[in-house]
Amino acid sequence: MEKETKIFGIRAIIEAINSGETINKVFVQKGLKGELFLELDKLLRKHSINTSYVPIEKLNRLSNKNHQGVVAQISPIEFHDLETLVLDVIESEKNPLFLLLDQISDVRNFGAIIRTAECTGVNGIIIQKKGGAPVNGDTIKTSAGAVFNIPICKVDHIKDAMFYLQASGIKVIAATEKTDNNIYDVSFKEPCAIIMGSEGRGVSSSILKLADDRAKLPMYGDIGSLNVSVACGAFLYEVVRQRL
């Protein structure tokens with residue numbers, strides 16, 4: 001199931017972007033210059049492609065080829081268009097259930113979330129183009145291949161996805177400890193989307209303000225939080241329980 005591919009060389013990456021190839025991330029040598037690189041840099045910015053500027057030693061570890069100062073990682077999956085997916089789900093007369101990930105950074109957490117989402121009937125997962133974990137070999141392995149069975153959408157900003165979901169009649173619920181609402185007192189029976197926050201800071205405050213509702217898991221131990229993939233599983237199975 002390992003489909004992740006690396007491509008290297010400025011011209012090759014320019015051609016890959018122009019041909020519509022789905023690129024996870026581009027690693028660029030610090031201080032790289034030249035007309036051809038400026039052309040690539042313009043494309044990276046135009047398409048909001050996740051870019052990291054690194055020492056040449058990092059590039060040498062990524063590829064033993066003549067990389068010309070750039071290495072790109074191609075995604076093993078094709079991402080879905082959010083608007084098309086939401087319309088398709090609504091028209092199918094399913095009770096929509098979406099998952100928004102606010103910059104989950106660990107690929108193993110990401111893969112575990114995908115696996116649970118597929119098992120609980122989530123109609124689609126929405127991630128941001130920058131700041132989150134990529135879909136790569138580790139993600140595929142941890143998801144047990146579920147990444148190929150569930151639609152994943154990449155958006156410029158999670159907020160834009162929230163606005164579209166809300167305009168489509170889908171309630172957005174944030175999983176956060178910053179609320180008095182217990183998860184078991186919140187209704188998940190109607191069309192809804194659940195937001196899970198990053199491992200370090202949870203759901204960002206600007207996104208919390210836009211959510212229609214908030215819910216938290218009861219905690220009785222000394223540790224104040226759960227691993228995000230575990231918490232996500234608890235939320236998704238509460239949705240399943242309420243919709244039975």
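Let's start with the contacts of valine 28. Setting aside neighbours within four places in sequence, valine 28 touches Phe37, Leu44, Thr51, Ser52, Tyr53, Val54, Leu59, Gly69 and Val70. This is a predicted model, so keep that in mind throughout. Where does valine 28 sit? In strand β2, residues 23-29. Buried or exposed? Valine 28 has 0% relative accessibility, and the cut-off for buried is under 20%, so valine 28 counts as buried. One distance for orientation. Methionine 196 is 168 residues away from valine 28 along the chain, and their C-alpha atoms are 31 Å apart.

Now the confidence. Mean pLDDT for the chain is 92. Of its residues, 98% reach 70 or more. Which element has the lowest confidence? Strand β1, residues 5-8, with a mean of 84. The highest is strand β8, residues 171-175, at 98.

Next, the whole chain. How many helices and strands are there? Nine helices and 10 strands. Along the principal axes, the C-alpha trace spans about 60 × 45 × 35 Å. Of the 244 residues, 48% count as buried.

Contact order, briefly. Take contacts between residues at least 6 apart in sequence. Of those, 82% join residues at least 24 apart.

Surface and charge. The chain exposes about 12300 Å². Carbon and sulfur atoms supply 48% of that area. There are 29 positive and 29 negative charges. How far apart are their mean positions? The answer is 6 Å.

Threonine 176 is in the loop between β8 and β9, where β9 covers 192-197. Its relative accessibility is 7%, so threonine 176 counts as buried. Beyond its neighbours within four places, threonine 176 contacts Leu208, Arg214, Ala215 and Lys216.

Serine 143 is another loop residue. Its loop runs between α6, residues 137-142, and β7, residues 152-155. Serine 143 is buried, because its relative accessible area is 1%. What does serine 143 contact, leaving aside neighbours within four places? Gly111, Ile114 and Arg115.

Last topic: backbone angles. Most residues other than glycine have a negative phi. Where is glutamate 93? In the loop between α4, residues 82-91, and β5, residues 97-102. The relative accessible area of glutamate 93 is 75%, so that residue is exposed.

Glutamine 103 also has a positive phi, near 65 degrees. Glutamine 103 lies in the loop between β5 and α5, the helix at 107-119. Why does glutamine 103 count as partly exposed? Because its relative accessible area is 23%, and partly exposed covers the range between the buried cut-off of 20% and the exposed cut-off of 50%.

To recap the residues. Valine 28 is buried in strand β2. Threonine 176 is buried in a loop, and serine 143 is buried in a loop too. Glutamate 93 is exposed, and glutamine 103 is partly exposed.

Conventions
Residues are numbered from 1 along each chain as its sequence is written. This is a predicted model: local features need pLDDT of at least 70, side-chain atom pairs count only at pLDDT 80 or more; totals for chains, interfaces and linings use all residues. Side-chain values use heavy atoms; hydrogens and water are left out. Helices (H or I, at least four residues) and strands (E, at least two) are DSSP runs, numbered from the N terminus. Buried means under 20% relative accessible area, exposed over 50%, partly exposed in between (1.4 Å probe, protein chains only). Contact means heavy atoms within 4.5 Å. Accessible areas come from the Shrake-Rupley method with a 1.4 Å probe; for residues, only the protein chains shown count as cover. Lys and Arg count as positive and Asp and Glu as negative; His and the chain ends are not counted. The place of a charge is taken as NZ of Lys, CZ of Arg, CG of Asp or CD of Glu. pLDDT is the predictor's confidence in each residue, from 0 to 100.
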